[in-house]
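Hi,

Here's the structure I promised to pass on. My notes on it follow below.

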Amino acid sequence: MAKMKPDALRETLEGLAEEEYRRFNQKLIPGAENILGVRIPALRKIAKTVAQGDWQDYLATAQADWLEEVLLQGLVIGYAAGGAAERLPYIAAFIPKINNWAVCDTFCANLHLVKENKKIFLDFLIPYLTDEGEFEVRFAVVLLLCYYSTAADIPVTLALLETVGHRGYYAKMATAWAVSVCYVHDPEATLPFLQNNRLDDFTHNKALQKIAESNRVDRETKQRLSLLKRLKRLKQK
């Protein structure tokens, strides 16, 4: 395909923008200041086209002034040809650009090459679990919940989640989400973790809440799990 220049690509995005959707996303995505209002399916279509060409050159020159331009870069990395060794440097370079949950989660969900390279990516993500950056941590946690929540992976995943100590809201919420996904996939393996873990009270309780919100867990089980909720500790005078 012919190379699409950055200005032409931006014009394409602007042409797909919807004002109502932009206003909706402004409320939904804290931290995202510049939003055009382009829907994800449209971004995916563009990303697949870009990924079929010189995607390395695109990433080297891509603009990142708008939320959608950042989302597009992440999607292109996911759709691009090439194995883990070729794409890992681009993934590492993209991570610092993540400054909201939408970019993080969309990027992670589209990194399907993790499925065939789980050992490589596990080694890659582990340092991010204890990173100082809130969204660096969320990136690693969301990768775990997306690709390491099968029965075979859950023991390692839960042990790694217990190492997360970042105090940021989006890091904590991702950790809670990951624990809940592990429980839904394998309740028997995850229950002992819920009964005895070193997560902070907020994250622990949010994990229970997310399990309670799942349609895949019956009411009786939810009631039993509610007994594991930690009460707020009284502050000592």
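**What I found**

Leaving aside neighbours within four places in sequence, serine 180 is in contact (heavy atoms within 4.5 Å) with Ala207, Lys210 and Ile211. Serine 180 sits in helix H11, residues 169–185, helices being DSSP runs of H or I with at least four residues, numbered from the N terminus. Serine 180 is buried, at 5% relative accessible area; buried means under 20%, with a 1.4 Å probe and protein chains only. A polar atom of its side chain lies 2.6 Å from the backbone oxygen of tryptophan 177.

A quick word on provenance: this is a predicted model, where local features need pLDDT of at least 70 and side-chain atom pairs count only at pLDDT 80 or more, while totals for chains, interfaces and linings use all residues. Residues are numbered from 1 along each chain as its sequence is written, and side-chain values use heavy atoms, with hydrogens and water left out.

Buried residues make up 49% of the 237 residues. The C-alpha atoms fill a box of roughly 60 × 40 × 40 Å along the principal axes.

Cheers

Notes
Helix = DSSP H or I, 4+ residues; strand = E, 2+ residues; numbered from the N terminus. Buried < 20%, exposed > 50% of the residue type's maximum accessible area, 1.4 Å probe, protein only. Polar contact = N/O pair within 3.5 Å; in protein donor to acceptor, adjacent residues only side chain to side chain.
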